[in-house]
Amino acid sequence: VTGVQTCALPILSYIFISPSLLLVLIIIGIIFYSKNRKITLMQKMILGESINSPLELTLSQITLGIISGTILSVILSVLGIVFKENSGIEMLFLLAILIIFFNKKVINIAYLGGIIGGLSIIVTCLNIFGTKNNFLKLDIRELVILVGVIYIIQGFLIMFDGSRGSIPIFSKNNGRVIGGYMLNRSWIMPIALFILLLNGINSNGLIENTIYPNWWPIISNNKILQLIVTGTLIMVPYFSVVNYSSITFTKTKKMKTLSSGIYMVLYGFLCCLISFVTETGLAGKIFVVIMVPLIYEVITRFSKKIEDKKKPIFYSDDRGISVLEVVPLSKSYIAGIRAGDRITSIKGKYIESERDVYEALMNNYTNVQLEIENLKGERKNIQVGKGKNLGLLLVPRTINEKKKIDLTKKKINEILGKLKNS
């Protein structure tokens, strides 16, 4: 293995020339596109037009996923994370991909890592498959570090791209209508891992010509280093899918994804730290596989508790009408209106309801002067120009109960079906 830090790059390029791996990428891309089409239709239903196109959302998921997977693979190779052949590590990635067909909130890589780690301890202790079979005989420390690094990378993905494809939503809080966002993103990441082949290949000649840098591996594993002498170290590409799903009424989209991403990065580092407890023996390994999903659950519950304690920021009152969403490049956006702003007056006149704003700005033949106040309390006057492309979603002061629609999953699918045919 020469150039440990860069050997992941040519291996990952193999996904574009391997028919089977390319087929997996295409299938997942189609699934992403199908889900993104529903998202854009929901945006159109709520805003009157889509904020993003299905193709834009899909390409960003695949492109950013590939970039992130490359960075992840380089980090893992530099750290020296190695799994034995036939250890079943591919189960983690296979199950992560299957999650996209089900409810993402039920299970994720944190839980999968804990489950697979627990099964590995049982299989190893009871020697269920015999001494010569390595299936599910994983190094728990390597497994937990793998999970940790995945979440670190996922955290940055959430911070950078988690707000894309969001859907504006409304709810009620203390009898008041509030606005918020439903966030839901997935990314496909190619991951190259070192796999140690113990049988079937005579590696004597390879080892003599192999250069292992003095600093490698950063995370030393004496057992693996001893086995490398008599085995062959290769790199194998896999695919994995990471997901992000959340709802917020108390933060802007960017602030929500920033805080969520920070939590995930923190969780990833905690996983890497507690992984070294496995070196204390069986009790340490059991402790770690329990803590991996438990810490994740604690962090997500803590995040939700913080969310519930904060006050909503998107609501309309006597001070003005709150702006929940602005479509990029619309006339409202060009005029300087942003999500979180509060429209306090139209041409110096008090606003009775959001309908006043829509009527003043829709199909206007002259510029309309608005006074707005941003989330920092700063006020300014803006001019909204002519044109039909309003691109603005306001939070109503009240909702007419007779016109309210409770959207069940069946009802949403019916509406989406009508939009597709329109």
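Let us start with Glu-373, whose bridge partner in strand E9 is Arg-379. This pair belongs to a predicted model. Strand E8 covers residues 368-373, strand E9 covers residues 379-384, and the two run antiparallel, joined by six bridges. Together, E8 and E9 make a hairpin, with five residues lying between the strands.

I turn now to a pair of helices. Two packed helices are described by the angle between their axes and by the distance between those axes. Here, helix H6, residues 140-161, packs with helix H10, residues 282-309, at an angle of about 15 degrees. Their axes are 10 Å apart. Why are H6 and H10 described as roughly parallel? An angle under 35 degrees counts as roughly parallel, and H6 and H10 therefore fall under that description. The crossing of these two helices is left-handed.

Which residues meet in this contact? From H6 come Ile-140, Val-144, Val-147 and Tyr-151. From H10 come Lys-285, Val-288, Val-289, Val-292 and Tyr-296. Of the residues in the contact between H6 and H10, eight are nonpolar, one is charged and none is polar.

Finally, a word on confidence. The protein chain has a mean pLDDT of 84, and 82% of its residues reach 70 or more. Over residues 1-6, however, the pLDDT is below 50, and this stretch has 18 contacts in the model beyond near neighbours in sequence. Residues 200-211 also stay under 50, and the model has twelve contacts for them beyond four places in sequence.

How values were computed:
Residues numbered from 1 in each chain as written. Predicted model: local features only at pLDDT ≥ 70, side-chain atom pairs only at ≥ 80, totals over all residues. Heavy atoms only, no water. pLDDT = per-residue confidence, 0-100. Contact = heavy atoms within 4.5 Å. Pairing = 2+ DSSP bridges. Helix = DSSP H or I, 4+ residues; strand = E, 2+ residues; numbered from the N terminus. Axes fitted to C-alpha atoms, helices over the stretch in contact; angles between N-to-C directions. Parallel < 35°, antiparallel > 145°, perpendicular 65-115°, else oblique. Left-handed = near helix turned anticlockwise from the far one by under 90°. Nonpolar A, V, L, I, M, F, W, Y, C, P; charged D, E, K, R; others polar.
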